[in-house]
Amino acid sequence: AGYYLLALVVLTIVVLLQLLARYSKQLVIKNKNIDVEQFKETYFATSGEFVKQSLPDGDQSAEQEPPTTGESQHPVDTTTGEDDDEPKHDLRKDLEEMQLCSLKHITHGKGGARKKEAAQKAWEKKQWDGPVKLHFAGYGLMSPPKNWHRMSAAFFTFLGAAALFSASNLCWECVHTIIIKKGLTVVELSQVLDLAGACGRRAPLGTISAVATIVTFASGVLQVLFVLLTDDQFQFGGPVRDACAKLYRKKMLKRQLWAQLWSTNKTILDYSVYETADALMPKFWCHVWVLKKGPPAQGNDGTEELEIVQDVANNMFGKGKAEKLEADRNKWVKSTIPTEVRLKPPPPDRRLKSHLRGLFRDEYGLPVLCIETALQHFDPAAEKHDFDSVTASSATTTSLHDKRTKLNTQLVPMQFVAG
């Protein structure tokens, strides 16, 4: 039993280390000497933690090694930084990939003087002797889930599954002596032996332990899935979930479908990542809430209704207004085709509750993504539904030099995100 438990602990540590390594990134710059103040001013924000959103054009470093994520690097001459066989890389392009990652450590110096320092301390130097290695922490570095009760339940469930599996494979280890009476038949002797070894592979305890192993393991997997479905860091919907719990308390207790675990879209959809890095919110393709009504849209075969994009920011307050809002929004449906939208942070609590009314659907997960789009209605004759084209075509002139575009705000579930 001890060996099985030890193997379980070792495997758990290996998995955790793999997850941590996945979100750590490195960038090696092979220049001999780097002016720290100029380098920081050119490529990094004032704090020195995040890469600037606007970087200079052109190949700023011909002697620069591409970023690595734990794989072995191509050997280079750390004295001269020259390697004719290596392709040259654009420092600007490689730093762009790190724009949502925070700089944690910097390795610089030569020979015995080479050391790894905290980023803030390394920025205080006047010059770095190369090659210089920048250590970034990825945006997805996992933090412990807030629901420790559920995590503890998952841990002890898996521990119980390991113990039951060990018990199902043990045999005769608890038997010290067997005293057999004289005159037993072959059948009776076989029953005695089976009973003596029943604590392990022998029936019935061994079989029951094996079945119990499968049941408890499945229970542990379900506990982990619950954590993935409900923890803020996995669904980006902490404020939305809290608002839903206040607005639809009874329905939330019976909720079955919480969210979509995985999305085929690789865009980071956590708005807090972009706020922390002071970065522009991303654009991605997504279905939106629409209201279908006639007459049919121009350009189709006459059978499809016009899909009008809705706006949750059209709030209604006051007595009786909430019920009317619920009734009106229950008519909203998912658009037939996606359009390119832009991510945005959800509104404050009071406005968020008003935004959520009527969007709590059993057929979809919680509407955890707050988006905006300039699209007012879907036009089958339009060739493009990307964000920039729609914004440009929807802009209205309010003065001689001022054009403004009305942006519709929506809260949509993860299932609306297109691949």
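Twelve aromatic pairs occur in the structure, which is a predicted model. One of them joins Trp123 and Trp128, with ring centres 5.1 Å apart. The planes of Trp123 and Trp128 meet at 40°. Planes under 30 degrees apart would count as stacked and those over 60 as edge-to-face, so the Trp123–Trp128 pair is tilted. Phe155 and Phe156 form an edge-to-face pair, with 5.3 Å from centre to centre and 75° between the planes.

Trp123 has a relative accessibility of 9%. Buried means under 20%, so Trp123 counts as buried. Trp128 is buried as well, at a relative accessible area of 0%. Phe155 and Phe156, in contrast, are exposed. Ring pairs also place Trp123 and Trp128 in a cluster with Phe39, Tyr43 and Phe44.

Three strands make up an open sheet, and their order is 10-9-11. The pairing is antiparallel.

Strand 9 covers residues 289–293. Four bridges connect strand 9 to strand 10, and the two run antiparallel. Within strand 10, Ile308 stands opposite Leu291. Strand 9 is joined to strand 11 by two bridges, again in antiparallel fashion. Trp289 has Lys334 of strand 11 as its bridge partner.

Technical notes:
Residues are numbered from 1 along each chain as its sequence is written. This is a predicted model: local features need pLDDT of at least 70, side-chain atom pairs count only at pLDDT 80 or more; totals for chains, interfaces and linings use all residues. Side-chain values use heavy atoms; hydrogens and water are left out. Two strands pair if DSSP finds at least two bridges between them. Rings of Phe, Tyr and Trp (its six-membered ring) pair if their centres lie within 6.5 Å; planes under 30 degrees apart count as stacked, over 60 as edge-to-face and the rest as tilted. Buried means under 20% relative accessible area, exposed over 50%, partly exposed in between (1.4 Å probe, protein chains only).
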